[in-house]
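Work through the exercises below with the sequence and the model at hand. Each task is followed by a stepwise solution.

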Amino acid sequence: MPDRIKSFPVIHGQKLHEIFQNTPEDLFILDLRSPGRYIEGHIPGAHSLPFSQLEKKAHTIPKHKIVVVYCQNGLKSSLAVDLLKKKGIPHVFSLGSLKHWEYELIPS
């Protein structure tokens with residue numbers, strides 16, 4: 001595994017939930033899974049942006065917010081952190097996989 005994947009910024013589900021409860025306006029949560037998986041259930045307030053479209057649509061992600069990404073198994077979210085930092089988004093973190101969110105999911 002490349003070093004950049006092992007050392008990417010991580011946020012734990014409990015900390016994300018705390019920020020979500022106290023200052024949700026500071027967050028921009030990205031669900032990198034397929035639209036079908038997103039519809040089945042996602043973190044409240046999460047935006048659907050499949051990983052395959054991330055580089056093309058990175059300019060739509062606000063640079064002044066805490067950006068948190070997650071995917072199905074954690075690999076794409078780690079790659080997304082690297083990509084978004086290169087695109088100039090300073091505060092980007094990975095939740096890893098959706099299994100690290102121990103709270104309610106909402107369907108679309």
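**Exercise 1.** In which sense do E1 and strand E3 (residues 66-71) pair, and over how many bridges?

Solution. The model is a predicted one.
Step 1. E1 and E3 pair in the parallel sense, over five bridges. Within this pairing, Phe28 stands opposite Val67 of E3.
Step 2. E1 also runs parallel to strand E2 (residues 47-48), to which two bridges join it. Here Leu30 stands opposite His47.

**Exercise 2.** Determine whether strand E1 is enclosed or open, and treat its two faces separately.

Solution.
Step 1. In a regular strand, side chains alternate between the two faces of the sheet.
Step 2. One side of E1 carries Leu27, Ile29 and Asp31, and the other carries Phe28 and Leu30; all of them are buried.
Step 3. Five of the five residues of E1 (residues 27-31) are buried, so the strand is largely enclosed by the rest of the structure.

**Exercise 3.** Which elements give two or more residues to the largest nonpolar core?

Solution.
Step 1. The largest nonpolar core has 16 residues; among those touching the most other members are Leu30, Leu54 and Val67.
Step 2. The contributing elements are E1, E3 and helix H5 (75-86). H5 supplies the largest share, four residues.
Step 3. Leaving out residues up to four places away in sequence, Leu54 touches Leu30, Leu32, Leu49, Ile61, Ala80, Leu83 and Leu84.
Step 4. A second, separate core of 13 residues includes Tyr38, Val68, Tyr70 and Leu98.

Conventions:
Residues numbered from 1 in each chain as written. Predicted model: local features only at pLDDT ≥ 70, side-chain atom pairs only at ≥ 80, totals over all residues. Heavy atoms only, no water. Buried < 20%, exposed > 50% of the residue type's maximum accessible area, 1.4 Å probe, protein only. Pairing = 2+ DSSP bridges. Core = buried A, V, L, I, M, F, W, Y, C linked by side-chain atoms within 4.5 Å. Contact = heavy atoms within 4.5 Å.
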